[in-house]
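Me: I would like to learn to read a protein model feature by feature. Can you take me through one?

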Amino acid sequence: MEDEVDRLVAAWRRERPDLDVEPLEVLSRVSRLARHLDRARRLAFAEHGLEPWEFDVLTALRRAGAPYQLSPGQLLTQTLVTSGTMTNRIDRLTTKGLVERLPDPSDRRGVLVRLTDEGRDRGDQALAGLLAQERAILAELPSAQRAELAGLLRQLTAPFDNIPG
């Protein structure tokens, strides 16, 4: 079965036989898959009235476990956005009733961001929708191949995930 990347690689081999275009065979497919995943994610979240960034914040709080709260600094670490962006996101999620700000009992000047019941329910429903979309994308691969692919991708991404700072 030929795909768009096969055609792209063949064209580059014809036009630039002096270059080794082998990396395109893997990384162009990863890039194309990322675009398909982004579309699937947006669809899954939109079905539950969420933007991708809202899902990211809600699920960071959900993964924290009961009582589903984190400091804004912990949310920054998990979502990789700036302090100003996070403040804006917390404000918007508070207005929608998906999170609430509470005083931090261990720091009189600090606050904690807690998931509301509505935020937990919407995040959980969006996660279920996302997993259904992702299962459909992976449906062509048998379980053993999915596990092998996960291991190979882990090898490629782990060095990036473990860079200090």
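This is a predicted model: local features need pLDDT of at least 70, side-chain atom pairs count only at pLDDT 80 or more; totals for chains, interfaces and linings use all residues.

Me: What does the side chain of aspartate 3 reach at the start of H1?

Reply: A side-chain oxygen of aspartate 3 comes to within 3.2 Å of the backbone nitrogen of valine 5.

Me: Which side chain does arginine 7 meet in a salt bridge?

Reply: General idea first. An α-helix has 3.6 residues a turn, so residues three or four places apart point the same way. Now the case here. Arginine 7 and glutamate 4 are both in helix H1, 3 residues apart, about one turn of the helix. Their side chains form a salt bridge, with N to O at 3.3 Å.

Me: How many salt bridges are found in the whole structure?

Reply: The search finds 15.

Me: Now the sheet. What is the order of its 3 strands?

Reply: Strands of a sheet pair through backbone hydrogen bonds, either parallel or antiparallel. Here the sheet is open, the order is S1-S3-S2, and the pairing is antiparallel. S1 (69-70) and S2 (99-104) are the edge strands; each has a single partner, so one side of each has no neighbour in the sheet.

Me: How many bridges join S2 to S3?

Reply: There are 6 bridges between S2 and S3 (residues 107-115). Glutamate 100 stands opposite arginine 114 in S3.

Me: Last, the largest pocket. How many residues line it, and which lie nearest its centre?

Reply: The largest pocket holds about 980 Å³ of space. Its lining has 26 residues, with Arg29, Val30, Leu33, Leu37 and Leu149 nearest the centre. Helices H1 (4-15), H2 (22-46), H6 (117-138) and H7 (143-161) are the elements that each give two or more residues to that lining. H2 gives the most, 10 residues.

Me: How does the lining divide into nonpolar, polar and charged residues?

Reply: The lining of the largest pocket has 15 nonpolar, 1 polar and 10 charged residues.

Note on methods: Residues are numbered from 1 along each chain as its sequence is written. Side-chain values use heavy atoms; hydrogens and water are left out. On a 1 Å grid over the protein atoms alone, a cavity is a set of points where a 1.4 Å probe fits but cannot get out, and a pocket is an open set with protein on both sides within 12 Å along at least five of seven lines; lining residues have an atom within 4 Å of a point. Grid points are joined across faces, edges and corners, and a volume is the space filled by probe spheres set on the points. Helices (H or I, at least four residues) and strands (E, at least two) are DSSP runs, numbered from the N terminus. Ala, Val, Leu, Ile, Met, Phe, Trp, Tyr, Cys and Pro count as nonpolar, Asp, Glu, Lys and Arg as charged, and the others, Gly among them, as polar. A polar contact is a pair of N or O atoms within 3.5 Å; within protein, one must be able to donate a hydrogen and the other to accept it, and residues adjacent in sequence count only if both atoms are side-chain atoms. Two strands pair if DSSP finds at least two bridges between them. A salt bridge is a side-chain nitrogen of Lys or Arg within 4 Å of a carboxyl oxygen of Asp or Glu.
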